[in-house]
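Here is a short tour to read alongside your sequence and model. Please keep both open as you go.

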Amino acid sequence: MNVRDGFENMTFNDAVKFLMNNKDSDRLETLNYLEFGLYYKAVLQYKENFNNVHILLYDDIIDNFSLEISKIFKFLDIRIDDKKNIHNIKYNISGIPRIKFLHNIMNSNFYLKNQLKQYLPKRAISFIKGLLEMNYKKPKINSYTKNRLINYYKNDIKNLEQVINRDLDLWLK
């Protein structure tokens, strides 16, 4: 998101290399990608301090969106009938804009855009959002960075497996 929106100019690979080599940098406050991915301690604290915790994994949402929504509704004690307006809609699409001008126009808050949104049918707005999604390219993580990340997160993932009683070996591939 930081690169997409122009707040950061480092590639992910460069940012990971920088973070692993500069543990005491002042930039860590805004460029703390590595720390944000450590889940074990946070999940453990929730489980130790609350009686009823529902753990939701992104992988599960991708694999079976409807089932995971049903589990959330059940956990929150919401009638299943109440979920009829829940749709699998993508929000906050990530990637690097191919055409920065298009990205800036679509994500700015200017008068004409706001007026058009009021008068265009929802289908037209959905179509435009789909075009905007195609404007983003997904950056690739090189194998060196991937291996460094796997090594960095390995212990945290193994500890998390024990806390949530789930096999997370796919996270290490």
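## About the model

This is a predicted model, in which local features need pLDDT of at least 70, side-chain atom pairs count only at pLDDT 80 or more, and totals for chains, interfaces and linings use all residues. Residues are numbered from 1 along each chain as its sequence is written, and side-chain values use heavy atoms, with hydrogens and water left out.

## A nonpolar surface patch

Leu116, Leu120, Phe127, Ile128, Leu131 and Met134 make a nonpolar surface patch of about 550 Å². Patch members have over 30% relative accessible area and no salt bridge; like charges are joined within 9 Å, and nonpolar side chains (Val, Leu, Ile, Met, Phe, Trp, Tyr) within 5 Å. A salt bridge here is a side-chain nitrogen of Lys or Arg within 4 Å of a carboxyl oxygen of Asp or Glu. Areas come from the Shrake-Rupley method with a 1.4 Å probe, and for residues only the protein chains shown count as cover.

Helix H8 (residues 122-134) gives the largest share of the patch, four residues. Helices (H or I, at least four residues) and strands (E, at least two) are DSSP runs, numbered from the N terminus. Phe127 lies in helix H8, and Phe127 counts as exposed because its relative accessibility is 57%. The classes are buried under 20%, exposed over 50% and partly exposed in between (1.4 Å probe, protein chains only).

## Two positive phi values

Most residues other than glycine have a negative phi. Asp77 has a positive phi, near 60 degrees. Asp77 sits in the loop between helix H5 (65-75) and strand E1 (96-97), and is exposed at 71% relative accessibility.

Asn165 also has a positive phi, near 55 degrees. Look for Asn165 in the segment after helix H9 (143-164); with a relative accessible area of 69%, Asn165 is exposed.
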